[in-house]
Amino acid sequence: MTREEKSQVIQDLTAQLADNANIYIADISGLNAGATSDLRRACFKANVKLAVVKNTLLEKAMEASDKDFGDLPSTLKGNTSVMYSETGNAPAKVIKAFRKKSQKPLLKGAFIEEAIYLGDDQLDALVDIKSREELIGDIIGLLQSPAKNVISALKSGGNTLSGLVKTLSEREG
């Protein structure tokens, strides 16, 4: 690879790092061609981009990036693949599901909306991260809950103010 080609790869990687808020670094070495194809298919279905990269080029792209990757470059040893996703937990779910039938991929680290996770032991925590849409749904559910309590109290309290107060106070106690 010529110096110009390396420079172009670094520029492309830097642009991808800038365009994605959720970046996973994984080790997929040792997967045979069939397993690698299955992993790529699983990533595609989950809307996750998977790319094998050279550690030195990715490290230079991280240095050139505006993002603070903290200790994440320290994970760039051995075979490295990068997974990009719009949803923070999608790559973690793909890895976890794939590991039911294989020991790989191993999670080296992740950069999720400016938070850094290092090591394969963080996989379960990453699977549990909620997407923006899931969080909005939870908030809406929480906001609807008090209104449902009031409506239900109105119905069970005989539609009187004293009945409403009595029913609500019984629920708190």
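Here is a short chat about ring pairing and salt bridges in this predicted model.

Guide: Residues count from 1 along each chain as its sequence is written. In this predicted model, local features need pLDDT of at least 70, side-chain atom pairs count only at pLDDT 80 or more, totals for chains, interfaces and linings use all residues, and side-chain values use heavy atoms, leaving out hydrogens and water.

Visitor: Are the planes of F69 and F111 stacked, edge-to-face or tilted?

Guide: Rings of Phe, Tyr and Trp (its six-membered ring) pair if their centres lie within 6.5 Å; planes under 30 degrees apart are stacked, over 60 edge-to-face, and the rest tilted. A search of the whole structure turns up one aromatic pair. The F69 and F111 ring centres sit 4.8 Å apart with planes at 50 degrees, so the pair is tilted.

Visitor: Is F69 buried or exposed?

Guide: Buried means under 20% relative accessible area, exposed over 50%, and partly exposed in between (1.4 Å probe, protein chains only). F111 is buried, and F69 is too: buried.

Visitor: Which residue meets D27 in a salt bridge?

Guide: A salt bridge here is a side-chain nitrogen of Lys or Arg within 4 Å of a carboxyl oxygen of Asp or Glu. D27 is buried, at 13% relative accessible area. Its N to O contact is 3.3 Å, and the partner is K104.

Visitor: How many residues apart are D38 and R41 in helix α2?

Guide: Helices (H or I, at least four residues) and strands (E, at least two) are DSSP runs, numbered from the N terminus. The closest N and O atoms of the D38 and R41 salt bridge are 3.0 Å apart. Both belong to helix α2 (residues 33–45), about one helical turn from each other, and their separation is three residues.
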